[in-house]
Amino acid sequence: MTAFRPGPQAAAPVLASLDTPSDVRDDAPRRTVIVGARGRMGAMFRRRARSVGVPVEGLDIPFDEDALAAACDGADLLLLCVPVAVLGETLQTFVPHLSPAAVVADITSVKEQPMTLMQRYWQGPVVGTHPLFGPGAHN
């Protein structure tokens, strides 16, 4: 299990890169799956990713097995924009469809339980985030 826990200095380049089109960045995700894409945060991340050219698939309940498998095929980032209460169940649904190198990340406001769940259900890299902004934030 690998957990990415960057220091404070790591955030600046990532945030700065959001304004750089993905076709000129070597580190841009090739395909991102956002679970909870119709929610406020999921929809915001989906719009933002698309605005910089990141291919994004958005999925919401009820999950269709065929759509889920197609969305996850080739994805290198699974972004979980779901409540902590359903995080374990959501992980169990999605991880069988991911490539071993995919990164699994969440945006919940708490970290211990989500990190434990992600590391329990996913053997690849995991990232626990806490956005310090929301859909109503201005640039």
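1. Helix H3, the buried side. Helix H3 spans residues 65-72, and its buried residues are Leu68, Ala71 and Cys72. These three cover an arc of only 90 degrees around the axis, which puts them on the same side of H3. The arc is taken from the directions that run from the helix axis to the C-beta atoms. Helices (H or I, at least four residues) and strands (E, at least two) are DSSP runs, numbered from the N terminus. As background, an α-helix has 3.6 residues a turn, so residues three or four places apart point the same way.

2. Ground rules. This is a predicted model, where local features need pLDDT of at least 70 and side-chain atom pairs count only at pLDDT 80 or more, while totals for chains, interfaces and linings use all residues. Residues are numbered from 1 along each chain as its sequence is written, and side-chain values use heavy atoms, with hydrogens and water left out.

3. What sits over H3, and its two ends. The cover over the buried residues of H3 includes strand E2 (32-35), strand E3 (56-59) and helix H4 (87-94); contact here means heavy atoms within 4.5 Å. At the start of H3, a side-chain oxygen of aspartate 64 comes within 3.1 Å of the backbone nitrogen of aspartate 66. Polar contacts are pairs of N or O atoms within 3.5 Å; within protein, one must be able to donate a hydrogen and the other to accept it, and residues adjacent in sequence count only if both atoms are side-chain atoms. Just after H3, glycine 74 has a positive phi of about 85 degrees.

4. How many salt bridges does a search of the whole structure find? The search finds four, with a salt bridge being a side-chain nitrogen of Lys or Arg within 4 Å of a carboxyl oxygen of Asp or Glu. One joins the side chains of arginine 31 and glutamate 57, at 3.3 Å from N to O. Arginine 31 is in the loop between helix H1 (11-17) and E2, and glutamate 57 is in strand E3, so the pair ties together parts that are 26 residues apart in sequence. Arginine 31 is partly exposed at 22% relative accessible area, and glutamate 57 is also partly exposed, at 31%.

5. Arg38 and Asp60. Arginine 38 and aspartate 60 form another salt bridge, with the closest N and O atoms 3.9 Å apart. This pair links distant parts of the chain, 22 residues apart: arginine 38 is in the loop between E2 and helix H2 (40-51), and aspartate 60 is in the loop between E3 and H3. Arginine 38 is exposed at 63% relative accessible area, whereas aspartate 60 is buried at 18%.

6. More on Asp60. Which backbone nitrogens does the side chain of aspartate 60 reach? That of alanine 37 is reached at 3.2 Å, and that of arginine 38 at 2.9 Å. Leaving aside neighbours within four places in sequence, aspartate 60 is in contact with Gly36, Ala37, Arg38 and Gly39.

7. The second largest pocket. Asp60 turns up again in the lining of the second largest pocket, together with Val35, Gly36, Ile61, Phe63, Val82, Val86, Glu89, Thr90 and Thr93. The pocket holds about 170 Å³ of space, and H4 gives the largest share of the lining, three residues. On a 1 Å grid over the protein atoms alone, a pocket is an open set of points where a 1.4 Å probe fits, with protein on both sides within 12 Å along at least five of seven lines; lining residues have an atom within 4 Å of a point. The volume is the space filled by probe spheres set on the points.

8. Asp106 and Lys111. Aspartate 106 and lysine 111 also form a salt bridge, with their closest N and O atoms 3.0 Å apart. Aspartate 106 is buried at 0% relative accessibility, while lysine 111 is partly exposed at 25%.

9. Pro131. Proline 131 lies in the segment after strand E6 (125-128) and is buried at 15% relative accessibility. Not counting residues up to four places away in sequence, proline 131 touches Met41, Phe45 and Ile107.

Key. Buried < 20%, exposed > 50% of the residue type's maximum accessible area, 1.4 Å probe, protein only.
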